[in-house]
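Thank you all for coming; please have the sequence and the model open while I talk.

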Amino acid sequence: MIYQFDKAAPIHLLQITDCHIHNERERLLSGVNTYNSLSQVIDGVVAHETADLALITGDLTHEGDERAYRLLQEQLTRLPMPFFWLPGNHDHLAPMASTAHREQQNTKKIVAQNWLILLLDSHVEGEVGGLIAQSELTWLATTLREHADKYIAIFMHHPLVPVGCEWLDPQRIANAEQLLTLFDNTPQLRFVCNGHVHQEFLQLRQHYQLLSTPSTCIQFKQNSADYAEDDFPPGYRRFILQADGSFETAVVRVGSLVRDPNAPRGYDEFN
């Protein structure tokens, strides 16, 4: 499905990622109530943003069942703009689809004047790491050729390159080199942005940027050899896409991280 809107640039876009909503409102993840944490982020968006659309880039829920997606939708439907989502490694496609609004289902291409925004599925059912399936690669290459006249922005869940965390970097996209070769030869590409790593990241590669965005709940400590959490507040990322193909982006932190000091913490909480 293609979503198209005709607003003239600049296009204002938000990325929200790694919500990890449980199937019960009061359940904690490493001491954090992810439902309340997402609510805090949505409050900030409602109060301060006038974006054209929002993209929710995976690990939408923690268990991946229908109850969790319904709780997620309670929060996302508060957004004052259209929103679209894609799956992460914690997500399951059937309950995602059963709770999606019509425009959310199967939307992978968003056309906004002279920009094309693509949602790329990197999740592999039952696996933590990412992979772009051959069918997805074929679709992507064809789409990039067909829209050589537009500036390209790509969103996915898993990262393409290491972010500097030894424990986390093996979970990046397994066939990343194949994608990077394609992207290196796509001159209209401006950036590729992912979630999954629960931290801010930016790397310039040739003519485009590789970016990641903090979670709406727990943040992972940057440059850590072993699993480690940071105490940064939850956040999201803001983009402004200009008519000439340039763009501005910034991470926005919201409120504070509220954590139960007596709750279990650690990597096992994510599995």
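Let me begin with a term: a residue is buried if its relative accessible area is under 20%, exposed if it is over 50%, and partly exposed in between, using a 1.4 Å probe and protein chains only. Please keep in mind that this is a predicted model, in which local features need pLDDT of at least 70 and side-chain atom pairs count only at pLDDT 80 or more, while totals for chains, interfaces and linings use all residues. Residues are numbered from 1 along each chain as its sequence is written, and side-chain values use heavy atoms, leaving out hydrogens and water.

In helix H5, residues 176–184, the buried residues are Ala176, Leu179, Leu180, Phe183 and Asp184. They sit on the same side of H5, because they cover an arc of only 135 degrees around the axis, the arc being that of the directions from the helix axis to the C-beta atoms. Helices (H or I, at least four residues) and strands (E, at least two) are DSSP runs, numbered from the N terminus.

Now to the rings, where Phe, Tyr and Trp (its six-membered ring) pair if their centres lie within 6.5 Å, with planes under 30 degrees apart called stacked, over 60 edge-to-face, and the rest tilted. The whole structure holds 16 aromatic pairs. One of them joins Phe155 and Phe191 edge-to-face, at 5.7 Å centre to centre and 85 degrees between the planes. Since Phe155 lies in strand S9 and Phe191 in strand S10, this pair ties together parts that are 36 residues apart in sequence. Phe155 counts as buried, at 0% relative accessibility.
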